[in-house]
Amino acid sequence: MSAAGEGLVQAARGWIGTPYVHQAATKGAGCDCLGLIRGLWRELLGAEPEAVPAYSMDWSEPQGEERLWAAALRHMAVKDSGDAAPGDVLLFRMRQGAVAKHLGLQARVGASASFIHAYARHGVLESPLSPPWQRRVVARFLFPEEVS
């Protein structure tokens, strides 16, 4: 595990137990999946790279726009799907044909692979990256080590 990946995973584990709150991004008080990534960005890199507009639970679906994917492409490097490493930002498509709109952070790889995410009605937790979750991963990104 790289030092940057290890630091990111440890920081994310510090968010475990934060309640799920739609559109929030505050450690211990509440966040959603995007809020977890936003909060980690602020914690490790400083100011967020762009303002996040208000969004609904079904955001981007009526238009079929991959807004979350496009935002990730603006601020993070794409990784090859076969190059899994702790600290990777994972983008999930929750239903076939739907837009990708769930994020998580790879915590462990291999037989006991896991990821940290904020999940409705559960808050921030570390979940096994089981085959059903693995099938939903549509992109993998490298969290920046520093803001240029």
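Which strand does His-117 lie in? Select strand 6: His-117 lies there. Strands (E, at least two residues) and helices (H or I, at least four) are DSSP runs, numbered from the N terminus.

Before going on, note that this is a predicted model, where local features need pLDDT of at least 70, side-chain atom pairs count only at pLDDT 80 or more, and totals for chains, interfaces and linings use all residues. Residues are numbered from 1 along each chain as its sequence is written, and side-chain values use heavy atoms, with hydrogens and water left out.

**Stop 1: His-117**

Stay on His-117. It is buried, with a relative accessible area of 1%. Buried means under 20% relative accessible area (1.4 Å probe, protein chains only). A polar contact of 2.9 Å joins the two side chains, His-117 and His-102. Such a contact is a pair of N or O atoms within 3.5 Å; within protein, one must be able to donate a hydrogen and the other to accept it, and residues adjacent in sequence count only if both atoms are side-chain atoms. Not counting residues up to four places away in sequence, His-117 also touches others, including Leu-36, Leu-103 and Trp-133. Contact means heavy atoms within 4.5 Å.

**Stop 2: the core**

Select Leu-40, Val-89, Leu-103 and Phe-143. They have the most contacts inside the largest nonpolar core, which has 29 residues. A nonpolar core is a set of buried Ala, Val, Leu, Ile, Met, Phe, Trp, Tyr and Cys residues joined through side-chain atoms within 4.5 Å. Helix 2 gives the largest share of this core, 7 residues. Another core, of 6 residues, lies apart from it; Phe-92, Ala-113, Leu-129 and Trp-133 are among them.

**Stop 3: helix 1**

Go to residues 3–13. The buried residues of this helix are Gly-5, Leu-8, Val-9, Ala-11 and Ala-12. Look down the axis: they line one face of helix 1, because they fall within an arc of 160°, taken from the directions from the helix axis to the C-beta atoms. They pack against helix 2 (33–45), strand 5 (102–108) and strand 6 (114–119).

**Stop 4: Asp-32**

Move to the loop between strand 2 (30–31) and helix 2, and pick Asp-32. What does its side chain reach at 2.7 Å? The backbone nitrogen of Gly-35. The backbone nitrogen of Leu-34 lies 3.3 Å from a polar atom of the Asp-32 side chain. Finish by showing the contacts of Asp-32 beyond four places in sequence, among them Tyr-20, His-22, Tyr-55 and Ala-118.

Note on methods
Buried < 20%, exposed > 50% of the residue type's maximum accessible area, 1.4 Å probe, protein only.
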